[in-house]
Each structure stands twice: as structure tokens, then as C-alpha cells.
Amino acid sequence: AEAAILDWLLLGRYTGPRAVEWCQTTLTEYLRIDHPYWRGPDSYAFIAADFVFLDRHKRPIRDLAGATIDDVHYVQIRWRKQKNNDNGQIIPYVRDEANLRFCPVYAALRIRQRALRLNVADDHPIGAFAPHTRRAVARLPQGRRYLFITKKMVEQMIQDSAVRTFRLDATDRQRWSAHSPRITACNLLHRQGLPDSYIKLRLRWRSLAFQDYLRNTFYSATRHTTALHIT
């Protein structure tokens, strides 16, 4: 499950997803869109059709099972259902040639290919993984080879990693959650000095509400000190 979660976290550095858009509250059930006029698949989280991969010439790649990162240059992600009701919004992402380890397109391709290998149903969330422990396997619904990534699993992994990396105590670890990828994506763009309009556009905000997520980081402190090196 860790490899599956990591791919979503890598993709999340670019996409800034809300937790509800990719993980669930239970291993076997998924959140459904509850609206009388909704048409189409009712999974709130991403399904397979929401990820469209393109080659360098912007042509769709049909055979994803045999595709490699050398074949894929772009991914277009469709946000079918959003909190702000900008439903169906499509945002493209390009391959990171300089650092494939953190490439959003490569992470998206692994997510999509994992769903193919697990035979995830077309209308089910692709935030899924193959269980390996006896206890997890016992929870598999009949005829299904996958469980859904849950918010609890994500928070556990993020918090454990943060504790090991930053030597946090029990109180500090609670500051890390399944919403952290969205906060991180916002702060990364702000750190690079990109304008508010760009952050709103790429991370799907209608207002300046993203400013509530900005943090006084060590990078902010360094930039502050550098800015005051007045001669």
C-alpha cells in the first residue's frame, strides 16, 4: 500500500487534491456523489477515465498497459466533481524531464497502470492497492482484487514519515493529514514566487482562500533574510 500512497503524494505536489478526490474512509466502500441531477459515474474520487495520457505530439495513448514513461509526455486530469462545483475541469501536466523521481506524469502513469493490473472497475476509484497481509486479504469483497486507499492510511504514512524525518513529538505529528498534499502544493508554488492568479488557476481555487494555507516556512525565513541584505 505504501507504494500506491507514495504515487498519489508525488502527484499531489502538483495537483493539490482534496482528500475526498482520491482516498476513502473505508477499505471496501467509496464515497458516491449524492445529487439528484448527477449523470455518469458517481464516484467522487478519480476513476480511470479521468486520467488521459498523451505523447510528445499531444496524441492520446490508447494502450496504457504496455506504455512506459518514454511514451508519455502529458497527462490530462479531469476533476469530475469538485467542492466548488467547477465540475469537469481538465488540467494538463507535463513530464519532468529533469527529475523523473518526482515527475507527476510518471506517478499518474503508475497509478493508472496499477488500476489496470488490479482490474479496478471502470466506475470505481483508482486510488486502490493490492492487499498482501492475511488480515487485509480477508477484507476483500468477493471477486475483487483491490482495496481502496483510506484517509487513515494516508495520515499514518505521512505522520510516520514526518516523525522519522523531523523528529516530531506526538503533538506535532497531528499537524500532518491527508489534506497536507494540497497545502504543500500551494506553498510550493507560492515559494517560487508565482502570482496569486496562477495558484488559483492551477490548484482550482475561485478565491484567495488558498492564502489560509500559506505557512511561515524555513524557506520563507531564508528569503526574508536575503531580502534584507541591503547594500
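## Nonpolar cores

A nonpolar core is a set of buried Ala, Val, Leu, Ile, Met, Phe, Trp, Tyr and Cys residues joined through side-chain atoms within 4.5 Å. In this predicted model, the largest such core holds 46 residues, among which W8, F51 and I149 touch the most other members. Two or more residues of this core come from each of the helices α1 (2-15), α2 (104-117) and α4 (151-166), and from each of the strands β1 (51-54), β2 (74-79), β3 (89-94), β4 (128-129) and β5 (147-148). Apart from it lies another core, of 7 residues, which includes C186, L189, I199 and F210.

Leaving aside residues up to four places away in sequence, I149 touches A4, I5, W8, W22, C23, Q24, G127, A128, F129 and V154.

## The three-stranded sheet

Strands β1, β2 and β3 form an open sheet in that order, with antiparallel pairing. β1 and β3 are the edge strands, each pairing on one side only. On average, neighbouring strands are turned by 20° against each other, direction ignored.

The antiparallel pairing of β1 with β2 extends over 4 bridges; V52 has Q76 in β2 as its bridge partner. Helix α1 packs on the sheet and touches β1, β2 and β3, its direction making about 80° with that of β2. Helix α2 also packs on the sheet, with contacts to β1, β2 and β3, and its direction makes about 120° with that of β1.

## Aromatic pairs

The structure holds 10 aromatic pairs. In one of them, the ring centres of W8 and F46 are 6.1 Å apart and the planes lie at 15°, so the pair is stacked. Because W8 belongs to helix α1 and F46 to the loop between α1 and β1, this pair ties together parts that are 38 residues apart in sequence. W8 is buried, with a relative accessible area of 3%, and F46 counts as buried at 6% relative accessibility.

F46 also pairs with F51: the centres of their rings are 5.5 Å apart and the planes lie at 70°, so this pair is edge-to-face. F46 and F51 are both buried. One aromatic cluster is formed by W8, W22, F46, F51 and W79.

R18 is located in the loop between α1 and β1. Buried means under 20% relative accessible area, so R18, at 10% relative accessibility, counts as buried.

The side chain of R18 makes a polar contact with that of Q82 at 3.4 Å. Not counting residues up to four places away in sequence, R18 touches Q82, K83, N84, H179, R182 and R204.

Note on methods
Residues numbered from 1 in each chain as written. Heavy atoms only, no water. Buried < 20%, exposed > 50% of the residue type's maximum accessible area, 1.4 Å probe, protein only. Contact = heavy atoms within 4.5 Å. Polar contact = N/O pair within 3.5 Å; in protein donor to acceptor, adjacent residues only side chain to side chain. Pairing = 2+ DSSP bridges. Axes fitted to C-alpha atoms, helices over the stretch in contact; angles between N-to-C directions. Phe/Tyr/Trp six-rings, centres within 6.5 Å; stacked < 30°, edge-to-face > 60°.
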